[in-house]
Amino acid sequence: MRLVWSSQLETGIRQIDLQHQELIDIINEFEAAHLAGEDARAMNELLPRLAGYVIFHFATEESMLPGIPGGAEHKAMHTEQHKAFKERFAKLKAMPGKDQRGETSAMLEYLKQWLVNHIMKTDMQLAGLIMAREAKAG
Ligand SMILES: [Fe+2]
């Protein structure tokens, strides 16, 4: 099932929310390619595009951290998530081409769970930290 943007996924920080919508769009494009039987395009074109955008997105979020209480812990969580993401890619490369449809399908489920977890856990916490600082700053 396609990921659908909803207010439940909103962190309240516009720049982050817009980037999350872009991540959802890329994952949905990945799914559409898979459903259309274009697994090679999904893996060779859309997955690298998503990986590149994730790096850009993490850099955006990390640029908001300096000076925020709890910012260092948040950066550590990002590093952990990024590592998990990269390990998943490395695993893919280790077993090339045997069952591409199965691999694409598994990757799709992984990406969806990964993104929802990133937004609902990591970034809701980040938004809380940023808003608390803004409230303090008045
Ligand atoms: Fe995020």
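Start by selecting Arg101, which sits in helix 4; helices here are DSSP runs of H or I with at least four residues, strands are runs of E with at least two, and both are numbered from the N terminus. The model is predicted: local features need pLDDT of at least 70, side-chain atom pairs count only at pLDDT 80 or more, and totals for chains, interfaces and linings use all residues. Residues are numbered from 1 along each chain as its sequence is written.

Is Arg101 buried or exposed? Arg101 has 11 other C-beta atoms within 10 Å, so it is exposed. The cut-offs are these: a residue is buried if 20 or more other C-beta atoms lie within 10 Å of its own, exposed if 12 or fewer, and partly exposed in between, with C-beta atoms placed from the backbone. Arg101 and His34 are 67 residues apart in sequence, and their C-alpha atoms are 7.5 Å apart in space.

**The whole chain**

Zoom out. The chain has four helices and zero strands, and its pattern along the sequence is α-α-α-α. Taken along the principal axes, the C-alpha atoms fill a box of roughly 55 × 30 × 20 Å. Of the 138 residues in the chain, 19% are buried. Two residues are in contact if their C-beta atoms, placed from the backbone, lie within 7 Å. Among contacts between residues at least 6 apart in sequence, 68% join residues at least 24 apart.

Two packed helices are described by the angle between their axes and the distance between the axes. Axes are lines fitted to C-alpha atoms, for helices over the stretch in contact, and angles run from 0 to 180 degrees between N-to-C directions.

Select residues 14-35 for helix 1 and residues 100-137 for helix 4. The two pack at an angle of about 165 degrees, with their axes 10 Å apart. Helix 1 and helix 4 are therefore roughly antiparallel; angles over 145 degrees count as roughly antiparallel, under 35 as roughly parallel, 65 to 115 as roughly perpendicular, and the rest as oblique.

Which residues make the contact? On helix 1 they are Ile16, His20, Leu23, Ile24, Ile27, Phe30, Glu31 and His34, and on helix 4 they are Thr104, Ser105, Leu108, Leu111, Lys112, Leu115, Ile119 and Asp123. The contact of helix 1 with helix 4 has nine nonpolar, four polar and three charged residues. Here Ala, Val, Leu, Ile, Met, Phe, Trp, Tyr, Cys and Pro count as nonpolar, Asp, Glu, Lys and Arg as charged, and the others, Gly among them, as polar.

**Helix 1 with helix 2**

The axes of helix 1 and helix 2 come within 9 Å and cross at roughly 170 degrees. That makes helix 1 roughly antiparallel to helix 2. By class, the contact of helix 1 with helix 2 has 11 nonpolar, five polar and six charged residues.

Next, pick Ala33, in helix 1. Ala33 is buried, with 20 other C-beta atoms within 10 Å. Apart from neighbours within four places in sequence, Ala33 is in contact with Glu38, Arg41, Ala42 and Leu46.

**Helix 2 with helix 4**

Helix 2 and helix 4 pack at an angle of about 15 degrees, and their axes are 11 Å apart. That makes helix 2 roughly parallel to helix 4. Asp39, Ala40, Ala42, Met43 and Glu61 of helix 2 meet Gln100, Arg101, Thr104 and Leu126 of helix 4. This contact divides into four nonpolar, two polar and three charged residues.

**The core**

A nonpolar core is a set of buried Ala, Val, Leu, Ile, Met, Phe, Trp, Tyr and Cys residues joined through C-beta atoms within 7 Å. Select Ile27, Phe30, Ala33, Ala42, Met43, Leu46, Leu47, Leu50, Val54, Met107 and Leu111: these 11 residues are the largest nonpolar core. Within the core, centre on Phe30. Leaving aside neighbours within four places in sequence, Phe30 is in contact with Ala42, Leu46, Leu47, Leu50, Leu108 and Leu111.

**Last stop**

Finish at Met124, in helix 4. Met124 has 14 C-beta neighbours inside 10 Å and so counts as partly exposed. From Met124 to Arg2 is 122 residues in sequence and 22 Å in space, C-alpha to C-alpha.
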